Amino acid sequence: MAKIKRHLTRQEEFDILKLILDKFLWLGVGIMAYGFYRMVTLSSELWYGLAVMLGGAVLLLIFMSVLVREYHFMKD
């Protein structure tokens, strides 16, 4: 006997997407905080800390664009 698959509504899909992306956004903020910590505490590694902060900012921008793109698709 075949199982009946339950489909999610667009709002439920978006809520799940927000929960998942929220975790990745916290990861980006954590990476930026680690870079700031390295930049402030170890003055000899100023460029390393700045590079880590820049990597965290790029990660946040990528996830922000994914969230915005998914939101616009779901509004149609």
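Trainee: How many residues does α1 have, and what distance does α1 reach from its first C-alpha to its last?

Mentor: Good place to start, and keep in mind that this is a predicted model. Helix α1 covers residues 10-41, which gives 32 residues. At 1.5 Å a residue, a span of 46 Å is expected, and the first-to-last C-alpha distance comes close to that, at 46 Å.

Trainee: Is Arg38 buried or exposed?

Mentor: Let's work it out together. Arg38 sits in helix α1, and its relative accessibility is 18%. Buried means under 20%, so Arg38 counts as buried.

Trainee: Which residue has a side chain joined to that of Arg38 by a polar contact?

Mentor: Look along helix α1, where Arg38 has its place. Beyond its neighbours within four places in sequence, Arg38 is in contact with Glu45, Tyr48 and Gly49. The polar contact between side chains is 2.8 Å, and the partner of Arg38 in it is Tyr34.

Trainee: What does the side chain of Thr41 reach?

Mentor: Thr41 also lies in helix α1. With a relative accessible area of 41%, Thr41 is partly exposed. Its side chain comes to 2.7 Å from a backbone oxygen, that of Tyr37.

Trainee: Is Leu27 buried, partly exposed or exposed, and what is the accessible area of its surface patch?

Mentor: Nice one to finish on! Leu27 has 45% relative accessibility, so Leu27 counts as partly exposed.

How values were computed:
Residues numbered from 1 in each chain as written. Predicted model: local features only at pLDDT ≥ 70, side-chain atom pairs only at ≥ 80, totals over all residues. Heavy atoms only, no water. Helix = DSSP H or I, 4+ residues; strand = E, 2+ residues; numbered from the N terminus. Buried < 20%, exposed > 50% of the residue type's maximum accessible area, 1.4 Å probe, protein only. Expected span 1.5 Å × (residues − 1). Polar contact = N/O pair within 3.5 Å; in protein donor to acceptor, adjacent residues only side chain to side chain. Contact = heavy atoms within 4.5 Å.
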